Amino acid sequence: MVEILLGRTAPLLFHHHSPFPFHFIRKTRRRICSSNSKRKSKTAMASSPPCSSQSSPPHPSLLVFSGGTAFNGVIEEMKKLTTRVAHVLPVSDDGGSTAEIVRVLGGPAVGDIRSRCLRLADESTSEALAVRRLLGHRLPLVAEDAKSEWYNIVEGGHSLWEGVSKPYRETIRSFLVYFQHQILMRSDDMFSFSNGSIGNFFFAGARVFFQSLDAAIFLFSRVSDIPTESLVLPVISTNDRLTLGCELWNGAIIRGQNEISHPTGEHRGPVDKGMNSVPTLPSRIKRVFYMSSEARNSLHQVFPLPNPAVLDQLKCVDCIIYAMGSLFTSICPSLVLTDIGEVIASRTCPKVLLMNGTYDRETSGFLASSFVTAITDALNRTYGDPENSIKNNPSQYINTILVPRDAIIPVDLDALRTQGISNVVVVDSIDDSKVGVMFEPKSLIQTLGSLLTARQELKSPG
C-alpha cells in the first residue's frame, strides 16, 4: 500500500517570503458569505438562473441527475444547445483522493462536484485554460513524488502557475495553503497526497474555511468562470460526511459508494471505472440509502433532506434528465430523498432516461425495463420506511428513453409499454475501448434538442 506520512516532521510552508494570507482569505470569506446570504434570501443559493423568469427564454432549461464521470463526455456539446442547466450531483463518493480528504478532514465528498465544475469551466482565454489545467491536475502515484510536487505547487513555484494572473493566483493559493494548514493540524491522521487532485484540495480548503459546501461551490464556480446560468448543485446541502449504503436482494448490506460500484480494497490509486474491471455483485441491489459515518460495524440509517435549490429547479425546468452512468451509486442517491419523487411526478415536461450502452457491476443482466423499475422504486422510496413511500407509476417519472445504437443492454419494448413508456429513440453511438458502447455526443444533444423543440411547438398557440 502506498502511503505518505505527513506530520510534524513535514517541511513548513509558511516562510518569511510567503506568509499565510489570512488578510486575503478573510476578505474573500466576507465577499462569499455576503453573496451567499443574498442568494439564500431568495430561497436557495444560486437557484434561479436555469428557471429564468424571462417571457421568452432563448434556450431550454434542463435539470440533469448524474454522477461525476459518464455525463462529462457530453458537456461540451450540451453547451451548444443550452447553458441553462442545473447539474444535480451526489455527495457520497468515497473513492480516489476524495476518500483521503474525507478520512482526514471529514465533510461531504466533493470529487463529483469538482469534476463537473471543471467540465463547465471557461476555455475561451489562455488564462482560463491555465486555471483549468491547474485545478484539473493530479499528483503522481508514487508517494514521495506526490508530496514533493504538492509542496512545489502550494509554495507557488510550480510551472502550473504559469499563465495564472496574480488575483487568481492569490485566491487559489490561499485556499491550497489553508488546506495544507488544516491537514497539518491533524497530525494524528497522516495524509496521503498520492494521486491527489489539486481541484479537490482547493475545494476542500474552501469548504472547511467557509464551513459551507454551497459557498465552496460558489467560489469554485467563480474561479473557474462557469457560466452564471449553469448551476452545480449538491443533492444534499451539508457540511457533514455522508455514507451511501445498499441492501442486496439476498439481504446483505454494503457500506460505501466505492465498495458498491468499484471496490479497491486498500488500494489508494485511481479508481478503474472501465468495463469488467470488478466482479459482479453476488445479488442484485434492492435499494440504496444513507448511513451514519459513525460506528463502522453497525447499521445506522439516516434520512437527510434534499437541497431546497434542487426542488426549486425541478418545479420549473423544461426537461428532467436521468443521465447515463452508475445507476445505483450515481443516479439513485439523488432520487431516494423525500419530495424528489413527488415533485417530478407532478411535472408534465419531458422526463428523459439516457440508457447505458454496457453493463457494469451494479446492473449485470438488466433490461431497459429494469432501469426504469430501479428509478421508479428509488423515487417512490418503495423499500425502507413504508410510511415514507409513495406509489406513482413509472410513466409519471419517465416518458422518453434514449438508447445508444448497438447497446448491449436489451430494450424490451413490450415491458416498457406495460410500464407506460412508448417513446424510445435510438441515438448514434461510438465504441470506446475503455467503457464500451456510449452515446455519440453530438447526436445525443441533437436528439435532445429535437425533443425539446417538438415539445415547445406543441405548447405554442396556433
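**A chat about a few residues**

Guide: Arg 361 sits in the loop between strand E9 (351-354) and helix H14 (368-380); helices (H or I, at least four residues) and strands (E, at least two) are DSSP runs, numbered from the N terminus. Residues are numbered from 1 along each chain as its sequence is written. This is a predicted model, where local features need pLDDT of at least 70, side-chain atom pairs count only at pLDDT 80 or more, and totals for chains, interfaces and linings use all residues, while side-chain values use heavy atoms, with hydrogens and water left out.

Visitor: OK, what backbone oxygen does the Arg 361 side chain reach at 2.6 Å?

Guide: The one of Ile 260. The Arg 361 side chain also reaches the backbone oxygen of Glu 259, at 3.4 Å.

Visitor: New topic: where's Thr 83?

Guide: Thr 83 is in the loop between helix H2 (75-81) and strand E2 (85-89).

Visitor: And why does Thr 83 count as buried?

Guide: Because its relative accessibility is 18%. Its side chain has a polar contact of 2.5 Å with the side chain of Glu 229. A polar contact is a pair of N or O atoms within 3.5 Å; within protein, one must be able to donate a hydrogen and the other to accept it, and residues adjacent in sequence count only if both atoms are side-chain atoms.

Visitor: What about Gly 96, which helix is that in?

Guide: Helix H3 (residues 96-105). Gly 96 counts as partly exposed because its relative accessible area is 26%. Gly 96 and Ser 197 are 101 residues apart in sequence and 9.1 Å apart in space, C-alpha to C-alpha.

Visitor: Last one: how many disulfides does a search of the whole structure find?

Guide: It finds 0, a disulfide being a pair of cysteine sulfur atoms within 2.5 Å. For Cys 349, the nearest cysteine sulfur is that of Cys 319, 6.3 Å away. Cys 349 counts as buried, at 4% relative accessibility.

Conventions
Buried means under 20% relative accessible area, exposed over 50%, partly exposed in between (1.4 Å probe, protein chains only).
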